Each structure stands twice: as structure tokens, then as C-alpha cells.
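This briefing concerns one predicted model and is organised by topic. Please inspect the structure shown below before reading the points that follow it.

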Amino acid sequence: EEVDNYRAELEGIRIKGQGCPKPIKTWAQCGVSKRILDVLKKNNYEKPTPIQVQVCLFSNQAVPAIMKGRDVIGIAKTGSGKTLAFLLPMFRHVVDQPPLEDTDGPIAVIMTPTRELCMQIGKECKKFAKNNLRVCCVYGGTGISEQIAELKRGAEIIVCTPGRMIDMLAANGGRVTNLRRVTYVVLDEADRMFDLGFEPQVMRIIDNIQPSRQTVMFSATFPRQVEALAKKILTKPIEITVGGRS
Ligand code: ADP
Ligand code: MG
């Protein structure tokens with residue numbers, strides 16, 4: 001019965017774009033590392049949710065969208081597991097890059113609209129990134145100096161709110177961090193980002209990241225303004241919708 005329910009859920013997935021893979025149904029079939037598999041198990045993430053299936057897993061036969069390096073728009077309701085859908089491919093991407101030099105900025109940047117979400121994603125990130133990857137949270141509403149001190153020690157991954165990130169890029173005459181090494185960008189909760197008026201800040205950050213980057217966007221809804229934003233920052237995206245689209 002459980003399997004049937006799961007199949008029904010998967011059938012609610014609609015995909016636009018080329019080269020879309022077949023879904024994979026277990027973590028074991030996917031290409032995440034043994035270490036990540038252990039964390040998934042320890043946290044009772046028994047099997048991937050539908051959005052995770054399409055977006056983040058891969059096998060020899062079928063390489064799902066993000067793992068393949070494609071730009072992706074993922075639309076699924078709140079609570080459907082979008083965070084892991086962009087984090088798991090991100091870890092793989094990051095470990096595949098040459099290590100950071102002393103003056104390098106991050107490889108991955110996750111933008112999110114609120115401080116609470118920023119901390120929540122940072123926490124999730126740190127569960128998986130134990131010793132090999134450094135995660136730094138950059139958000140407003142608190143002093144910047146501690147965040148500067150942490151970031152100066154180097155971070156492969158930055159989780160940020162756009163306003164504070166812009167301040168951070170300007171801090172200490174631009175010597176704290178930079179976006180030159182960024183090749184993986186996440187825009188989380190794109191609809192709320194837009195509602196809260198952060199589009200200009202998002203664009204300012206994106207404009208300073210190399211165009212050859214991989215960009216993924218997640219949202220609970222996909223109104224026209226968010227679609228327009230996607231057109232500006234994504235290249236030939238695969239659009240994946242799970243469940244109803246509002
Ligand atoms: P969204 O961003 O779509 O709102 P989240 O990524 O915040 O959803 O996930 C919602 C909740 O579901 C979180 O508590 C998360 O830990 C949990 N979760 C995510 N993926 C799985 C999974 N594969 N199995 C079980 N729980 C999961
Ligand atoms: Mg989310």
C-alpha cells in the first residue's frame with residue numbers, strides 16, 4: 001500500500017525541459033557518498049521525497065537534473081523536502097571542485113529570504129558537511145563582526161540572506177570574501193524572496209557570479225514575476241513541478 005501511495009505521489013510530478021531522467025526511488029540507488037548515506041539514515045530520512053527523487057538523485061542509467069549540472073526550477077509545496085533536493089547535489093558539486101586557496105570565496109551560495117530559514121538551512125547543511133566542508137551563515141539582524149571572523153577562516157558554502165550578503169561583500173574593503181569561485185547558486189523560496197522585495201539584492205549578487213555557474217531555484221508557488229526572475233538568472237532550466245501549481 002505504501003508503495004502504491006508513493007507511486008501515486010510520483011505521478012503528480014510534471015516536468016518541462018529536455019533530457020529529463022526517470023525517477024529513482026531509494027537513496028541506495030543514488031550516487032551520494034557513503035558518509036551522506038549514513039547521515040540520511042541517522043536522521044531517519046528513509047527514502048527520498050518526490051521532489052528529491054527528480055531533482056537530486058542519479059544512477060548509471062539516469063542522471064537527474066541537478067546532478068547532471070542542469071539549471072533547475074523546482075516547484076513543490078512547503079514541507080515537501082526541497083532543502084535536501086538542492087543540498088545533496090551541492091555537496092557533490094563542491095567536493096568535485098579544486099580545494100579553496102586562502103583568498104578564495106565560497107564555491108556554493110544559497111540565498112534565502114529570512115534569517116530563520118538561513119539558520120535552518122545552515123543547520124541542515126552542517127549535519128552533512130562534517131569535517132570536509134565549511135558552512136557559513138550570513139544573515140542580518142545581528143552583528144556582522146562574528147560572521148566576518150568566521151568567513152575569514154574560509155567557507156566552501158555560504159547560506160545567506162541577500163541584504164547581509166551584499167554588506168559582507170563590501171566589508172573590510174571587499175577583503176572578507178568574494179564570489180569569484182562560485183559555481184553553484186541556490187535561490188530558495190523564490191516566491192517569498194520576491195514578495196519581500198529582495199529581487200534587486202538577489203540580482204546584484206547574481207550579476208557578480210560567473211555566467212557558467214549552475215543555478216537552481218526553488219519555490220512553493222510560481223507566479224509570473226518569479227517566472228520572469230527565473231528567465232533572467234537561469235540557463236535552459238528544467239522545470240519540475242510536484243503536486244498542484246499555484
Ligand atoms: P520545504 O523546503 O519543501 O518546505 P524542507 O526541506 O524544509 O521542506 O523539509 C520539510 C521537513 O521534511 C523537514 O523537517 C525535513 O527534515 C523533512 N524531510 C526532508 N526530506 C525528507 C525525507 N526524504 N524523509 C523524511 N523526512 C524528510
Ligand atoms: Mg524550504
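A polar contact is a pair of N or O atoms within 3.5 Å; within protein, one atom must be able to donate a hydrogen and the other to accept it, and residues adjacent in sequence count only if both atoms are side-chain atoms. The model is predicted: local features need pLDDT of at least 70 and side-chain atom pairs count only at pLDDT 80 or more, whereas totals for chains, interfaces and linings use all residues. Residues are numbered from 1 along each chain as its sequence is written, chains are lettered from A and ligands numbered from 1 in the order in which they are written, and side-chain values use heavy atoms, with hydrogens and water left out.

**Ligand 1**

- A polar side-chain atom of Tyr 45 lies 3.1 Å from an oxygen atom of ligand 1.
- A backbone N or O atom of Gly 81 also lies 3.1 Å from an oxygen atom of the ligand.
- For Lys 82, an N or O atom of the side chain is 2.8 Å from an oxygen atom of ligand 1.
- Taken alone, ligand 1 exposes 570 Å², and the protein buries 70% of that; accessible areas come from the Shrake-Rupley method with a 1.4 Å probe, and for residues only the protein chains shown count as cover.
- There are 14 residues around ligand 1, of which Lys 47, Gln 52, Gly 79, Lys 82 and Thr 83 come nearest; a residue is near a molecule or strand if one of its heavy atoms lies within 4 Å of it.
- By class, this shell has four nonpolar, seven polar and three charged residues. Ala, Val, Leu, Ile, Met, Phe, Trp, Tyr, Cys and Pro count as nonpolar, Asp, Glu, Lys and Arg as charged, and the others, Gly among them, as polar.
- Helix H4 gives the most to the shell, with three residues.

**Overall architecture**

- The protein chain has 10 helices and eight strands; helices (H or I, at least four residues) and strands (E, at least two) are DSSP runs, numbered from the N terminus.
- Of its 246 residues, 51% are buried, where buried means under 20% relative accessible area, exposed over 50%, and partly exposed in between (1.4 Å probe, protein chains only).
- The accessible surface of the chain comes to about 12,100 Å², and carbon and sulfur atoms hold 49% of it.
- Among contacts (heavy atoms within 4.5 Å) between residues at least 6 apart in sequence, 73% join residues at least 24 apart.

- In H2 (residues 34-42), Ile 36, Val 39 and Leu 40 are buried. They cover an arc of only 100° around the axis, which puts them on the same side of H2; the arc is that of the directions from the helix axis to the C-beta atoms.
- An α-helix has 3.6 residues a turn, so residues three or four places apart point the same way.
- The cover over the buried residues of H2 includes helix H4 (82-95) and helix H5 (115-128).
- Lys 34, Lys 41 and Lys 42 are exposed on the face turned away from the buried side.
- Asn 44 lies in the loop between H2 and helix H3 (50-56). Its phi is positive, near 60°, and Asn 44 is exposed, with a relative accessible area of 65%.

**Loop between H10 and E8**

- Lys 236 lies between helix H10 (224-233) and strand E8 (238-242); its phi is positive, about 40°, although it is not a glycine.
- Most residues other than glycine have a negative phi.
- Lys 236 is exposed, at 70% relative accessibility, while Pro 237 is partly exposed, at 29%.

- Arg 181 lies in the loop between H7 and strand E6 (184-187), and its side chain makes a polar contact with that of Asp 104 at 2.9 Å.
- Leaving aside neighbours within four places in sequence, the contacts of Arg 181 include Gln 97, Leu 100, Asp 104 and Gln 210.
- Glu 156, in the loop between H6 and E5, is buried at 9% relative accessibility.
- The side chain of Glu 156 reaches the backbone nitrogen of Arg 134 at 2.8 Å.
- The C-alpha atoms of Glu 156 and Asp 104 are separated by 9.0 Å, although these residues are 52 apart along the chain.
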